[in-house]
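Thanks for coming. I will go through a few local features and then stop.

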Amino acid sequence: MTFEELNLHENIMKAVRKKGFERPTAIQKRCIPEIRAGRDVVGQSLTGSGKTAAFGLPIIEKIQPGKGIQALILTPTRELANQVHETIGHFSSFTHVNVTSVYGGVSIGPQINALRRSDIVVATPGRMLDHIERNTINLKSVKFLVIDEADKMFEMGFIEDVEEIIRALPKERQTLLFSATIPSDVNHLIKRYLKNPIFIKEQLQVDSSLLKQVYYDVKQFEKFSLLVHLLKKKTPGLAIVFCGTRREVDFIAKNLRAQGIHVLPVHGGLSQNKRDNAVDSLKRENIQVLVATDVAARGLDISNISHIYNYDSPKTSTEYTHRIGRTARAGKSGEAVTILAERDHTNFRNVMSDRSLNIKREEVPQFERIQTIREEPRHGDRRPRKQFGNNNSYNSHGHSGGNFHKRRMYSLGGR
Ligand code: AMP
């Protein structure tokens with residue numbers, strides 16, 4: 001199917017062509033006609049599936065510029081709000097539709113002015129509620145509500161805010177909800193606020209033939225050295241290194257910088273400016289590596305990412321899939337590398353229990369052992385712990401390795 005066959009308005013098609021899209025993705029093919037027909041939609045899909053255009057194109061088509069805010073799009077993170085704003089802004093560039101994003105961490109004044117002229121608003125829940133409480137937003141013309149990454153809204157504790165926002169909207173509206181998974185609380189939200197929705201399920205568009213997935217099993221104190229080795233010797237493009245905590249993100253970023261790698265951290269504890277700057281720097285290829293927590297990197301769409309490194313193991317296969325979805329996009333190849341130590345084994349066993357994933361163990365190469373400049377935080381701990389003993393000056397030729405593989409064979413009963 002081509003985009004032409006969807007019969008979108010010519011002004012929207014111009015922007016689609018300008019973007020270079022030829023064919024609608026699977027979720028676009030199925031969502032666009034349903035949304036145009038006025039249906040409420042639940043889209044089960046991950047970022048990378050093209051969901052922004054799936055809801056964005058038919059919404060833009062129905063907006064009457066200058067007639068008040070007609071669409072509200074809620075996203076869990078500021079980065080995603082920015083990205084959705086940029087995408088919707090692009091698709092409406094041949095129309096008079098005005099798009100604004102509102103999120104916390106930046107001053108509210110300019111947002112108040114922009115909201116007076118907006119047709120579409122992309123917002124994070126906290127700042128949105130702020131505007132509602134201050135009476136600086138008029139929602140009476142809203143015809144579309146999009147709840148993006150609903151599962152993440154729950155995980156981040158935003159759901160009460162989301163429900164409060166929904167209650168401030170006109171009841172006569174079309175509601176579209178997107179979520180990678182549909183746990184029971186998301187289901188509850190769907191039952192409560194969507195009218196007879198159609199469910200459209202789509203898989204992540206990572207082409208597994210283009211995505212190599214491997215894990216290394218090492219000792220905890222070898223992890224950082226192996227990461228540096230892989231980044232310097234085996235990573236031709238951009239990389240994202242995922243860490244479990246903000247503290248670990250800062251620790252790894254600082255130490256990678258000390259090794260001469262161009263890197264910036266991104267996590268929820270940094271100012272919005274710093275977060276935006278980090279993501280932009282990676283997009284512009286001013287840095288090679290972004291070190292991130294899951295939340296901060298959620299939904300980021302950056303091309304040319306050749307490698308994803310999991311410096312800790314994700315807890316679930318869904319989390320794993322979210323992380324690896326940042327690479328092997330748009331026909332390019334990529335590699336997802338998980339660096340395990342003993343404390344990751346339980347989580348990684350959980351990831352590996354998803355039989356659809358094809359993650360192979362990789363032999364640990366020879367690598368130089370590097371002394372870190374600060375103590376590494378304990379996993380999930382706020383207090384630092386001393387990482388190295390005294391004998392820290394060898395080259396790790398005879399790598400001792402971890403025992404994930406052996407344990408796994410044992411725990412899965414040789415399956
Ligand atoms: P999204 O899931 O909305 O974050 O989109 C993921 C990526 O896919 C973005 O880089 C989009 O520009 C790209 N994309 C979306 N739809 C299409 C399409 N029909 N053809 C090619 N690329 C697309």
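This is a predicted model: local features need pLDDT of at least 70, side-chain atom pairs count only at pLDDT 80 or more; totals for chains, interfaces and linings use all residues.

Residues are numbered from 1 along each chain as its sequence is written, and side-chain values use heavy atoms, with hydrogens and water left out.

Take helix H9, residues 184-193, where Val186, Leu189, Ile190 and Tyr193 are buried. Buried means under 20% relative accessible area, exposed over 50%, and partly exposed in between, with a 1.4 Å probe and protein chains only. Helices here are DSSP runs of H or I with at least four residues, and strands are runs of E with at least two, numbered from the N terminus. The four cover an arc of only 100° around the axis, which puts them on the same side of H9; the arc is that of the directions from the helix axis to the C-beta atoms. Ser184 and Lys191, on the other side of H9, are exposed.

Next, lysine 223, in helix H10, residues 223-233. Buried or exposed? Lysine 223 is buried, at 0% relative accessible area. Its C-alpha is 6.7 Å from that of isoleucine 339, 116 residues away in sequence.

Now the backbone. Most residues other than glycine have a negative phi. Asparagine 7, in the segment before helix H1 (10-19), has a positive phi of about 55° and is exposed at 59%. Glutamate 285 has a positive phi of about 65°. Glutamate 285 sits in the loop between helix H12 (272-283) and strand S11 (289-292), and is partly exposed at 45%.
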